[in-house]
Amino acid sequence: MGIPVVEVPTKPFAGQKPGTSGLRKRVPEFQQKHYTENFVQCILDAGLGSKKRGSQLVVGGDGRFLTMEAVNVIIKIAAANGVSRLIVGQNGFLSTPALSHLIRKGHEGKPVDGGVILTASHNPGGPKGDFGIKFNCDNGGPAPDHVTDAIYTATTKIDKYFSAEELSCDFTVPGRNEYEVDKYGKFVVDVIDSVNDYVNFMSTIFDFAKIKRLLTGELTGRKFRVLVDSMHGATGPYVSTLLVDHLGADSNDLLRTVPKPDFGGGHPDPNLTYAKTLVDKMKGGDYDLGAAFDGDGDRNMILGKESFFVTPSDSLAVIADNVDAIPYFRSKKVTGFARSMPTAGAVDLVAKAKGLEVFETPTGWKYFGNLMDAQRIALCGEESFGTGSDHIREKDGVWAFLAWLQILAERRESVPQIVQAHWKKYGRNVFTRYDYENVDAAGANLLMTFLEAQFPAFVGRQLSANGVTYKVAVADNFQYKDPIDGSVATKQGLRLVFEDGSRLVFRLSGTGSAGATIRLYVDSYIPADDAQRLCAPAQDLLKPLVLIALDLCKMEQFTNRTAPTVIT
Ligand code: G6P
Ligand code: ZN
């Protein structure tokens with residue numbers, strides 16, 4: 001007799017619709033009886049379909065509050081659904097990039113069918129913070145829309161789930177756990193070291209020896225100092241192992257490397273507002289390169305000496321321009337690049353110069369997956385602090401940091417020198433983003449409806465602020481047809497493109513868990529020969545466009561906000 005499979009009657013919960021990146025809700029919502037169980041059952045049914053029985057899945061997350069409970073639920077439900085093996089990070093801990101890699105790598109020679117990631121990414125954690133569950137497919141990437149739609153439909157109809165209630169697994173210790181489950185037979189939980197695989201993988205992508213020579217001073221005769229802020233998120237253990245054990249950095253220069261269930265009370269989002277500690281410390285001028293990562297380790301922010309801010313749009317373009325510095329890219333054919341629509345078009349100019357393809361996708365890493373699988377792109381990024389390549393199917397914060405180190409080791413120039421040289425070569429795509437977080441959802445929706453209703457009348461109109469005038473060339477709601485599978489994603493952001501190429505984009509965030517967040521993206525192109533403006537502060541250069549945008553959408557009237565929560 002094996003462990004019994006129990007059929008538990010349940011009822012659907014409203015709102016289990018995965019957003020930009022999985023299901024994200026406040027912790028108490030997940031703590032409702034059957035809430036997590038329902039969603040996990042639907043992931044297995046709708047996410048795996050006919051592959052469910054006998055499948056192998058990777059499970060882990062950023063260690064936020066509720067992780068242990070959720071891993072337990074997943075183990076019991078997986079066992080009772082005929083899943084054959086779970087590969088679980090020790091203590092349920094895995095960064096999102098590490099998990100994506102584990103799926104792609106396969107397990108003991110057999111393919112892995114997908115993964116369940118327990119994170120709400122950059123959202124705060126703790127008992128009142130956010131939790132999240134995301135399903136990734138066998139390519140290691142977030143489930144595409146048709147899969148998340150199917151999962152959602154299943155959540156609206158569910159009336160029972162299966163659970164091996166009596167199964168108890170200690171996933172705090174690495175090793176193999178085998179069980180006999182009624183109906184299905186053998187069920188295995190392999191608890192693995194959370195860090196090793198990823199670190200080994202990075203050593204095949206980059207030239208560690210060269211990076212080490214840069215950091216220790218052997219390369220230039222001067223120590224190159226880095227300052228890294230893991231914000232108590234998932235990157236801490238990876239960064240410590242990589243930088244201290246392999247690359248010779250000083251452990252004192254690694255901040256907040258211990259993962260905490262509530263991120264130490266912080267908001268683990270690497271931007272100029274929430275990673276202020278790093279920004280302030282970098283201002284002192286002692287460090288050559290600064291980086292911060294988000295809760296689950298897929299986002300990154302890059303700073304140069306004295307807190308020189310590298311916009312994610314520029315970071316992507318600089319890496320694209322220097323792909324040859326990175327051994328991984330030298331070993332393959334780089335065919336193209338991609339960026340999300342709100343991301344400034346700096347990378348487009350690099351693609352053009354190199355004669356490569358470039359794609360403009362909707363916001364959300366999942367839209368890059370098909371392009372990578374079809375080998376149309378090798379590198380991509382988003383303005384939301386996401387940079388990555390086809391080494392996995394998630395963005396990868398630590399990878400981006402290593403990519404910068406490799407480029408710095410190759411070029412032996414400073415971060416500001418590299419970025420400014422880039423602008424002098426290609427011109428500069430100046431970018432800023434205003435976020436109005438947690439505004440009243442009704443007001444936010446009204447703002448978008450109000451704005452879109454005026455779009456037909458906008459084309460050809462001249463809009464001015466601070467004595468600068470822009471003429472509208474295009475006004476639309478962005479739509480994307482996937483060039484690989486032909487699927488169409490509509491309503492991906494309201495976009496005003498002016499005759500000089502400057503853009504205003506308005507979008508509602510898809511990653512919040514309460515209220516609504518309005519994002520206003522602004523970008524403009526400064527030609528390389530405009531010496532006067534080329535290196536001016538972004539906020540000065542974009543001020544007129546910001547004023548035009550705020551006036552057009554009646555931001556204050558609809559949201560009662562006089563200022564954004566975050567400016568990037
Ligand atoms: C997550 C996704 C990114 C996406 C971002 C957008 O981080 O992984 O690919 O760019 O969310 O968030 P938003 O809040 O703007 O929908
Ligand atoms: Zn994240």
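Me: Which residue just after helix 4 takes a positive phi?

Reply: Glycine 106 does, in this predicted model. Its phi is about 80°.

Me: And how do I read helix 4 itself? Why is helix 4 largely enclosed by the rest of the structure?

Reply: Count C-beta neighbours. A residue is buried if 20 or more other C-beta atoms lie within 10 Å of its own. Helix 4 spans residues 96-105, and nine of its ten residues are buried, so the helix is largely enclosed.

Me: Which residues of helix 4 are buried?

Reply: Thr96, Pro97, Ala98, Leu99, Ser100, His101, Leu102, Ile103 and Arg104.

Me: Now the whole chain. How is the chain divided?

Reply: Into domain 1 (6-194), domain 2 (197-426) and domain 3 (428-567).

Me: How do domain 2 and domain 3 meet?

Reply: Look at contacts between residues. Two residues are in contact if their C-beta atoms lie within 7 Å. Here, 22 residues of domain 2 are in contact with 20 residues of domain 3.

Me: Which elements give two or more residues to the side of domain 2 that touches domain 3?

Reply: Helix 13 (366-373) and helix 15 (415-426). Helix 15 gives the largest share, five residues. By class, that side of domain 2 has ten nonpolar, nine polar and three charged residues.

Me: How far apart are the C-alpha centres of domain 2 and domain 3?

Reply: They lie 26 Å apart.

Me: Last, the ligand. How many residues surround ligand 1, and which are the closest?

Reply: There are 14 around ligand 1. The closest are Trp365, Ser384, Ser509, Gly510 and Thr511.

Me: What classes make up the shell around ligand 1?

Reply: One nonpolar, eleven polar and two charged residues. Gly counts as polar here.

Definitions and conventions
Residues numbered from 1 in each chain as written. Chains lettered and ligands numbered in written order. Predicted model: local features only at pLDDT ≥ 70, side-chain atom pairs only at ≥ 80, totals over all residues. Near = placed C-beta within 6 Å. Buried ≥ 20, exposed ≤ 12 C-beta atoms within 10 Å, placed from the backbone. Helix = DSSP H or I, 4+ residues; strand = E, 2+ residues; numbered from the N terminus. Domains from an automatic or database assignment.
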